[in-house]
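Hello,

Here is the structure for you to look at. Open it first, then read my notes below.

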Amino acid sequence: MNLRDRQELNNGFGNALSRAVELAVTPMIFGFLGFLLDSRLGARPAFMLTFFLIVFGYTLWKHYTLYSAAMDREQHKLIGGRERET
């Protein structure tokens, strides 16, 4: 395994870890902020669930979109620049 392959592999691990942390931590932070807002307004658990679900849904959508774009780029590289068949 040459140095370029090893760097690409390490970058892949780093990207996967950052995406996993973003997927887990970001909705929890917004859920906690919703919890604080709920306790302040007395509207338990409306804001907590709303913030958590909206941010979790957005995060899933964002990662799916990034994954789809990356797979399209890789497919385009494999095809060799030819147009995709529809």
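Take contacts in the chain between residues at least 6 apart in sequence: 42% of them join residues at least 24 apart. Contact means heavy atoms within 4.5 Å. Bear in mind that this is a predicted model, where local features need pLDDT of at least 70, side-chain atom pairs count only at pLDDT 80 or more, and totals for chains, interfaces and linings use all residues. Residues are numbered from 1 along each chain as its sequence is written, and side-chain values use heavy atoms, with hydrogens and water left out.

Next, the overall form. The chain has two helices and zero strands (DSSP runs, numbered from the N terminus: H or I of at least four residues for helices, E of at least two for strands). The C-alpha trace spans about 60 × 40 × 10 Å along its principal axes. Of the 86 residues, 8% count as buried (under 20% relative accessible area, with a 1.4 Å probe and protein chains only).

Now look at D38. It sits in helix α1, residues 3–41. D38 is buried but has no salt bridge (a side-chain nitrogen of Lys or Arg within 4 Å of a carboxyl oxygen of Asp or Glu). The nearest side chain of opposite charge is R44, 6.4 Å away. What lies 2.9 Å from a polar atom of the D38 side chain? The backbone nitrogen of M48 does. D38 also touches residues including P45 and F47.

Best wishes

How values were computed. Buried < 20%, exposed > 50% of the residue type's maximum accessible area, 1.4 Å probe, protein only. Lys, Arg positive; Asp, Glu negative; His and termini not counted. Polar contact = N/O pair within 3.5 Å; in protein donor to acceptor, adjacent residues only side chain to side chain. Lists of a residue's contacts leave out its neighbours within four places in sequence.
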